[in-house]
Amino acid sequence: ASVAAARYGKDNVRVYKVEKDPATGVQTVTEMTVTVLLEGAIDVSYTKADNSVVVATDSMKNTVYIKAKEHPVTPPELFASYLGTHFIEKYPHITTANIKVVTHRWTRMTIDGKPHPHSFYRDGNETRNVEAVIQKGKGIDIRSGIVGLLVLKSTGSQFHGFVRDEYTTLPEVWDRILSTDVDCGWSWNTFSGMSAVEQAVPKFDKAWEDARSITMKTFAEEDSPSVQNTMYKMCGAILEAVPEVETVDYSLPNKHYFEIDLSWHKGTKNTGKDAEVYAPQSGPNGLIQLTVARS
Ligand SMILES: O=c1[nH]c(=O)c2nn[nH]c2[nH]1
């Protein structure tokens with residue numbers, strides 16, 4: 001037997017950082033959950049119980065906090081790159097750092113029409129995510145993403161013309177509810193190193209804003225013939241908006257809302273064009289996945 005693959009590290013490292021502007025008194029907060037997984041010449045720690053190659057995961061956790069103190073924690077693409085680069089530069093036997101940063105939403109409160117200087121609310125379960133792979137001598141690969149953006153439209157969605165055979169019961173529909181929980185990612189051309197990432201910093205926030213607004217605009221405005229076609233259009237629009245991105249991917253659950261026939265009660269009409277009361281379904285759900293490349 002031989003080691004085919006190995007990586008280890010610390011998961012669920014929760015970090016909060018506050019930035020205080022002394023001139024205005026305005027404080028800005030960032031909360032993220034970080035995962036560090038390292039690869040390299042570590043096999044003997046598994047096969048020979050040789051811990052001399054082990055950077056303790058506890059030390060990795062400590063390093064996350066130190067680097068969060070020393071460096072900006074936004075944009076998450078920059079912080080993930082700093083953190084991963086630290087590990088492969090500090091420990092010669094560590095050749096790959098896999099860093100995941102999940103940024104949670106603390107949206108600034110608006111009180112009496114004015115942004116409050118130091119009060120925020122958790123604006124949904126949506127997160128802004130980054131997965132960075134920093135490889136010694138091979139640069140930095142970054143996939144940015146949006147997870148947990150739960151959306152619904154009450155009409156403007158269709159699904160018909162699909163295979164009909166002895167297994168099919170689903171009726172064709174020209175007007176349906178569409179709801180999904182967006183898991184979207186965009187992968188950047190490989191960065192040669194930290195300086196290339198630093199130069200790209202203005203592009204990361206803009207790309208996230210573009211991806212988020214394109215997702216919602218396309219979802220809202222398309223009279224969707226299927227999840228498949230609508231997500232394909234989202235991918236194309238993001239590729240057009242962000243030249244430095246080489247692929248865009250979506251994984252979209254189709255969160256079904258079933259019509260309820262109420263005709264048993266005094267002939268109540270509640271199906272088709274009369275449908276108003278529906279049964280939201282927890283499962284099963286459709287799951288539609290796609291990756292679109294620029295070339
Ligand atoms: O948009 C849809 N795509 C599908 O593949 C599918 N299958 N059932 N309902 C569906 N809706």
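Helix α3, residues 76-90, packs against helix α4, residues 194-221, at an angle of about 165 degrees and with the axes 9 Å apart, where axes are lines fitted to C-alpha atoms over the stretch in contact and angles run from 0 to 180 degrees between N-to-C directions. That makes α3 roughly antiparallel to α4, a term used for angles over 145 degrees. This is a predicted model, in which local features need pLDDT of at least 70 and side-chain atom pairs count only at pLDDT 80 or more, while totals for chains, interfaces and linings use all residues. Residues are numbered from 1 along each chain as its sequence is written, and side-chain values use heavy atoms, with hydrogens and water left out.

In the contact itself, meaning heavy atoms within 4.5 Å, E77, L78, S81, Y82 and T85 of α3 meet M194, V197, E198, V201 and F204 of α4.

Let me turn to the aromatic residues. A search of the whole structure gives four aromatic pairs, a pair being rings of Phe, Tyr or Trp (its six-membered ring) with centres within 6.5 Å, stacked if the planes are under 30 degrees apart, edge-to-face if over 60 and tilted for the rest. The rings of F159 and F162 are stacked, because their centres are 4.6 Å apart and their planes stand at 10 degrees. W188 and F204, by contrast, form an edge-to-face pair, with 5.0 Å centre to centre and 75 degrees between the planes. Since W188 lies in strand β8, residues 178-188, and F204 in helix α4, this pair ties together parts that are 16 residues apart in sequence; helices (H or I, at least four residues) and strands (E, at least two) are DSSP runs, numbered from the N terminus. W188, F191 and F204 form one aromatic cluster.

Definitions and conventions:
Angles under 35 degrees count as roughly parallel, over 145 as roughly antiparallel, 65 to 115 as roughly perpendicular and the rest as oblique.
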